[in-house]
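Subject: Structure handover and findings

Dear colleague,

Please find below the structure that I am handing over to you. My findings follow it, and I would be grateful if you read them alongside the model.

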Amino acid sequence: MLTAEFKDIDQNRYFISVNGYCFLELNCDTKKRVRRIARILGNEIIKKENGRGVHRKTMSFGFPYELLKKAELRGVRRVVVIFNGSVFTTDIENFFKKGFVLYFKNRAERRIYLQMSHFEEIKDARYLQYYLAVMGG
């Protein structure tokens, strides 16, 4: 059961399930077209970063632009990123005020990035336990 379904300008489809899981279905020929990319819990969007979403040149965390915008409209105020066993958090508005947008034609995806320096590293084991238990590590 879905609570939201929408498309971006490239016709990629986004789904947000009743329990807050966020999926992206790319409108291109790739091996893995549907991806679970984050989860919305309350006023937070939580993402486990595997390194592919990090813009190495600027050391920035990234999200699909349309997903983050829709999350903000749904009342999300905090972004939480779990990366290399650490938990980083920032206000969602920082992405739109201080971030930058890149468009990847080969993946047909527009992403917004925010430098890691705009995140605060927190020591909260709940997020790590959450990911181990719910998202499969």
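In what follows, buried means under 20% relative accessible area, exposed means over 50%, and partly exposed covers the range in between, with a 1.4 Å probe and protein chains only. By that scale Q11 is partly exposed, at a relative accessible area of 40%. Q11 sits in the loop between β1 (2-7) and β2 (13-17), where helices (H or I, at least four residues) and strands (E, at least two) are DSSP runs numbered from the N terminus. Its phi is near 70 degrees, a positive value in a residue other than glycine.

Please note that this is a predicted model, in which local features need pLDDT of at least 70 and side-chain atom pairs count only at pLDDT 80 or more, while totals for chains, interfaces and linings use all residues. Residues are numbered from 1 along each chain as its sequence is written, and side-chain values use heavy atoms, with hydrogens and water left out.

Overall picture

The pLDDT is the predictor's confidence in each residue, from 0 to 100. Its mean for the protein chain is 85, and 86% of the residues reach 70 or more.

The protein chain has three helices and 12 strands. Of its 137 residues, 48% count as buried. The chain exposes about 7600 Å², of which carbon and sulfur atoms supply 49%; accessible areas come from the Shrake-Rupley method with a 1.4 Å probe, and for residues only the protein chains shown count as cover. Contact means heavy atoms within 4.5 Å. Of the contacts in the chain with a separation of 6 or more, 52% are between residues 24 or more positions apart.

The nonpolar cores

A nonpolar core is a set of buried Ala, Val, Leu, Ile, Met, Phe, Trp, Tyr and Cys residues joined through side-chain atoms within 4.5 Å. The largest has 29 residues, and those with the most contacts inside it are I45, F61, F63, L68, V79, F95 and F119. Helix α1 (residues 65-73) gives the most to this core, with four residues. Apart from it lies another core, of five residues, among them I46, I82, V87 and Y127. In soluble globular proteins, nonpolar side chains tend to be buried together.

Within α1, the buried residues include Y65, E66, L67, L68, A71 and E72. Just after this helix, G75 takes a positive phi of about 105 degrees. I45 touches L67, L68 and A71, and its other contacts include I40, F63 and V79, not counting residues up to four places away in sequence.

Why is strand β5 (residues 44-49) largely enclosed by the rest of the structure? Five of its six residues are buried, so the strand is largely enclosed. Two strands pair if DSSP finds at least two bridges between them. Strand β4 (residues 34-41) and β5 run antiparallel and are joined by three bridges, with L41 having E44 as its bridge partner. The two strands form a hairpin with two residues between them, and G42 in the turn has a positive phi of about 65 degrees. β5 also pairs with strand β8 (residues 78-83), in the parallel sense over six bridges; here the bridge partner of I46 is V80.

Y127, in helix α3, is buried, with a relative accessible area of 11%. Leaving out residues up to four places away in sequence, Y127 touches E44, I46, V80, I82, V87 and I122. Y127 and V81 are 46 residues apart in sequence and 9.2 Å apart in space, C-alpha to C-alpha.

T89 lies in strand β9 (residues 86-91) and counts as buried, at 6% relative accessibility. Neighbours within four places in sequence aside, T89 is in contact with R78, V79, V80, F119, E120 and I122.

M59 has a positive phi of about 50 degrees although it is not a glycine. M59 is found in the loop between β6 (54-55) and β7 (60-64), and is partly exposed, with a relative accessible area of 37%.

With kind regards
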